[in-house]
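I set them down in the order in which I went through them.

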Amino acid sequence: MAKKYTLDELLIITAAREIHDYENIILGVGLPTTAGALAKAIHAPHATLMMESGIIDFEPLVPPNHIADAHSCRGFSYATDLFSAFTMTYRGFVDVCFLGVAQIDKYGNINTTAIGDYYKPKLRLTGSGGAADFISYARRTILTMRGGEFVDKLDYFTSPGYLDGGDSRERAGLFPPGSGPSMLLTTKGVFRFDEQTKEMYLARTHPGMSIDDIRKDIPWELKIADDVSTTDRPTDEEITFIRRFAPTEVVGRKLMFELGLANAARKAQEKNNG
Amino acid sequence: MSEKQSKVMNAKDAVSRFVHDGDHLVIGNYTVGTCAELAFEIIRQGIKGLTLYSQSGVFDVEVLVGGGCVDRLVSTYVYRAGGKEGGSAVERAIKAGTLEMEDYTNFQYNARMEAGKHGFSFMQVLEGPMVTDLFKKRTFMGDDKYRVITCPYTGKDILTVPAATPDVCIVHVQRADRFGNAQYWGALGSVAAAALASKRIVISCEEIVEHDVIQSSPHLTIIPAYRVDAVVEVPWGAHPTEVLGYYNLDRLMYAMFFISDMTGDGLKAWMDEWVYGCRNREAYIDHYLEKFGAGMLNDIRAKSYFSAPANYGSAFTSCWDLEDKERTLGITLEEMEKILEERGMLYG
């Protein structure tokens with residue numbers, strides 16, 4: 001019988017399958033690094049994994065704590081600086097990058113800066129970090145949204161997707177042809193972007209999610225792929241790898257805190273008894 | 001990584017595959033440890049019409065110009081054999097009208113490579129030389145040798161140089177792995193910028209090392225594998241120039257070269273013997289040993305003075321401790337899977 005999987009595992013594995021062998025990948029912390037490690041271990045052994053801090057060609061052994069975490073690997077091939085990591089992306093040497101999303105519109109434009117009025121925000125979020133530059137110049141960008149929202153109009157425009165749709169990204173003359181978001185992964189499904197209109201459409205639904213469940217989060221009339229089906233199931237090999245590599249990603253943040261606190265309490269108890 | 005990705009080949013194949021007639025070619029090395037064997041191989045293959053970039057054109061530029069490979073030269077400093085009588089291949093070619101040269105300062109030349117490396121179309125440089133003939137006298141680059149713009153913040157005139165994006169860089173380093181990660185130490189000069197500005201990169205090295213040597217010393221890597229086209233292992237590949245940690249400058253051989261280079265006939269005779277007369281570096285070293293014996297090479301072999309190792313270690317390389325418990329959660333994989341099942345978190 002095939003192994004059962006968690007929703008987080010499904011997301012990681014779906015993202016990992018977007019990475020091809022021999023590609024150069026910029027990874028962020030969390031889901032992206034686990035996806036990168038999985039891809040490198042299973043189907044893309046020659047992929048070059050990079051972090052924007054200047055860690056180039058690393059093989060993660062444990063999930064990094066942040067994007068400058070050389071503790072996560074045993075050495076790496078090339079130590080450069082942040083400036084050069086971005087200009088190598090500018091020059092077209094980065095195939096794939098991953099970005100998290102707080103608000104997204106139908107053309108894949110992204111807000112990760114503020115909810116509400118920028119000057120008096122309801123929520124002040126992280127800001128651009130590497131996002132606005134990476135999505136501008138990486139050949140493909142994979143977007144992930146866990147807890148964010150679909151909106152008609154972004155509260156703050158942080159990172160450029162397909163602008164006003166159609167050929168507007170290309171007409172802007174600022175971006176390499178063919179670049180832009182290639183996929184949005186949410187906790188409910190997989191979205192892609194129409195080749196002509198560049199409008200987002202639903203490509204896959206995760207297990208237990210109906211199209212109606214997904215539609216009710218989206219303020220516009222969502223288009224659905226003709227061949228929409230359930231997200232491809234992970235293989236046992238993929239699930240086994242993720243559980244060994246990133247158990248805390250597998251259980252999710254809430255359960256990690258619960259079990260971690262219990263573990264800390266147990267250690268304190270052992271000390272008192274001992 | 002597998003053998004499939006190996007870029008190792010000999011100098012002959014590397015040059016014939018990646019250096020073409022009419023290329024813009026940059027010598028990555030700056031003053032020390034030049035890629036002598038790659039330059040010799042370009043000459044032996046009769047490559048013509050190069051636009052040659054060299055930060056400081058000494059031995060390497062002389063042989064390439066003397067070999068008739070170069071139509072145009074971009075540099076900051078060229079060799080002269082001494083006094084009014086001592087000529088050079090560059091001087092003879094300029095006089096004969098077979099070579100055009102654009103003069104830059106060291107900083108400007110390096111700035112052109114930095115712009116190319118980072119994908120910028122130009123770079124701001126220091127304003128002083130704007131009043132000199134460096135600015136006024138121009139050859140094949142014409143208006144595009146320099147352009148002056150107005151600073152949008154101060155309103156001042158700013159001198160700029162265009163990015164250099166050579167077709168191919170040839171460069172000699174101490175060591176590399178077979179994938180192309182190239183490690184170089186000593187005087188950094190403009191080596192990394194010259195290589196990274198280029199479209200193709202051909203590396204020669206004193207030795208090819210295992211990938212884990214690179215992984216445990218990433219701060220020494222100046223060119224990452226994904227940029228590199230060919231890796232050529234050539235011991236003594238920079239001779240008669242020097243490679244830190246391997247050998248010193250061969251002062252005797254160097255002097256003999258420069259005496260020969262005072263005249264066109266002299267240089268031709270030297271090149272007939274040492275470039276055309278030796279089909280590769282092995283033959284060159286054999287010829288050298290035959291002529292001078294091993295003593296002269298042994299005298300310039302480097303004695304070891306190792307840098308202190310940098311510790312790239314971390315506390316652990318797995319999320320699971322020695323009892324197979326997850327370090328944060330304090331449970332085994334089986335226990336974790338049981339909890340996921342109990343909490344109804346599993347699908348499929």
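I began with burial in chain B, where 51% of the 348 residues count as buried, buried meaning under 20% relative accessible area, exposed over 50% and partly exposed in between, with a 1.4 Å probe and protein chains only. The model is predicted, so I kept in mind that local features need pLDDT of at least 70 and side-chain atom pairs pLDDT 80 or more, while totals for chains, interfaces and linings use all residues. Residues are numbered from 1 along each chain as its sequence is written, chains are lettered from A and ligands numbered from 1 in the order in which they are written, and side-chain values use heavy atoms, with hydrogens and water left out.

Next I looked up B:D250, which sits in the loop between β12 (230–233) and α9 (251–260) of chain B; helices (H or I, at least four residues) and strands (E, at least two) are DSSP runs, numbered from the N terminus. I noted that B:D250 is buried yet has no salt bridge, the nearest side chain of opposite charge being B:R251 at 8.5 Å. For this, Lys and Arg count as positive and Asp and Glu as negative, with His and the chain ends not counted, and a salt bridge is a side-chain nitrogen of Lys or Arg within 4 Å of a carboxyl oxygen of Asp or Glu.

B:E273 lies in helix α10 (residues 264–276) and B:K291 in helix α11 of chain B, so the pair ties together parts 18 residues apart in sequence. B:E273 counts as partly exposed at 26% relative accessibility, and B:K291 is partly exposed at 46%.

Last, I recorded a network of salt bridges that links A:K3, A:E9, A:R243 and B:E337.
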